[in-house]
Amino acid sequence: MTDIAAPTTATPPAGDAPAESDGESHGLSHATSTGISNEKLAMWTFLGSECLLFGGLISTYLLYKDKAVHGPRPKDLYAIPFTSVSSFVLLMSSLTMVLAVSAIQRGDHRALRSWLATTALLGAVFISGQVYEFTVFVKEGLGFTTNAAGSAFFTLTGFHGVHVTLGIVMLISTLVLSLRGRLPQERAEAVEIVGLYWHFVDVVWILIFTVVYLIK
Amino acid sequence: MSDATATAIPHDAEGNVEVMAHHGPSDVHYVRIAVLLGVLTAIEVALSYAGLPIKLEIGLLLFVMAIKFVTVASHFMHLKFDDKMLTKIFYTGLILASGVYLAALSSLHLFAK
């Protein structure tokens, strides 16, 4: 696994002319034909594929949301005010994440750590809300295997929750690297890439909140 | 033959690549975007309680959702300020996914009356 805290200067082979790229260079450690770092391109490509994953899960929910031979349907149990607050928390975590990226880009490591910790905390609050919602649903008689609607709902929101949890792990890992002095300003892109994942998780929740919770 | 508009990767005196920080909008801009997103979320919730005709409600909710989606992708994810190739990659995946699943859902009569 690549040490993301390592300095990123690269010496081109002797005799080779520096490669030219179309578009702006953004702190690249080596020449690429696209002008974008490989790590950033990989994350965006990954996020493009994640659209397919969540598209499938949302589609499955749409097909099964009324399929309940017995037990309640998820939409019978929604607490929209509570979920609205959860949504707002996750939205604000996107703000703190982008402020963390901005902080490391200007070399403010204290602010970076504060914003990373805040983002992770807000993510944890969101997950807590989800867990609470799941326990309420189970108490009301809707479990993962109660009916097809329940299975589809828990699979969709569960997968999203796992993504958020993994995002929290990434945030804490980044914070620890910074605390150990292994995340210099030159590695701001690493924080930006973590931020891309986090914002995508937020964007998916924007979709889920509207399609699953709000649209009757 | 080099493209006159291509940007060479900057190198220092020893031939090593110089690493530059990418600077985007100010923090105030991000806070404004967050406030906008909060307001849009409130509008969405209000719409769901407004008792509008169902098709109008769905249309408006999807419209507001799309605005929030594009706003986060453009500003927080920096698509607006980054290389256009990233925009193409992300939205290609999104459009492909949307098209595939809309076609699948249509074939399963999800949208039929």
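Modeller: Let's start with a term: a residue is buried when its relative accessible area is under 20%, exposed when over 50%, and partly exposed in between, using a 1.4 Å probe and protein chains only. This is a predicted model, where local features need pLDDT of at least 70, side-chain atom pairs count only at pLDDT 80 or more, and totals for chains, interfaces and linings use all residues. Residues are numbered from 1 along each chain as its sequence is written, chains are lettered from A and ligands numbered from 1 in the order in which they are written, and side-chain values use heavy atoms, leaving out hydrogens and water.

Biologist: Thanks! Why is Glu44(B) called buried?

Modeller: Its relative accessible area is 0%, so Glu44(B) is buried, the limit being under 20%.

Biologist: What makes Glu44(B) and Lys68(B) a salt bridge?

Modeller: The rule asks for a side-chain nitrogen of Lys or Arg within 4 Å of a carboxyl oxygen of Asp or Glu. For Glu44(B) and Lys68(B), the closest N and O atoms are 2.8 Å apart. Glu44(B) lies in helix H1 (residues 27-49) of chain B and Lys68(B) in helix H2 (residues 54-76) of chain B, so the pair ties together parts that are 24 residues apart in sequence. Helices here are DSSP runs of H or I with at least four residues, numbered from the N terminus. Lys68(B) is buried too, at 2% relative accessibility.

Biologist: How many salt bridges are there over all chains?

Modeller: The count comes to 9. One of them joins Glu192(A) to Lys40(A), with 2.9 Å between the closest N and O atoms. Glu192(A) sits in helix H6 of chain A and Lys40(A) in helix H1 (residues 38-64) of chain A, 152 residues apart. Glu192(A) is buried at 6% relative accessibility, and Lys40(A) is buried at 3%.

Biologist: Why is Asp66(A) called partly exposed?

Modeller: Asp66(A) has 40% relative accessibility, so it counts as partly exposed. Its salt-bridge partner Arg73(A), at 3.4 Å from N to O, is partly exposed as well, with 27%.

Technical notes: Helix = DSSP H or I, 4+ residues; strand = E, 2+ residues; numbered from the N terminus.
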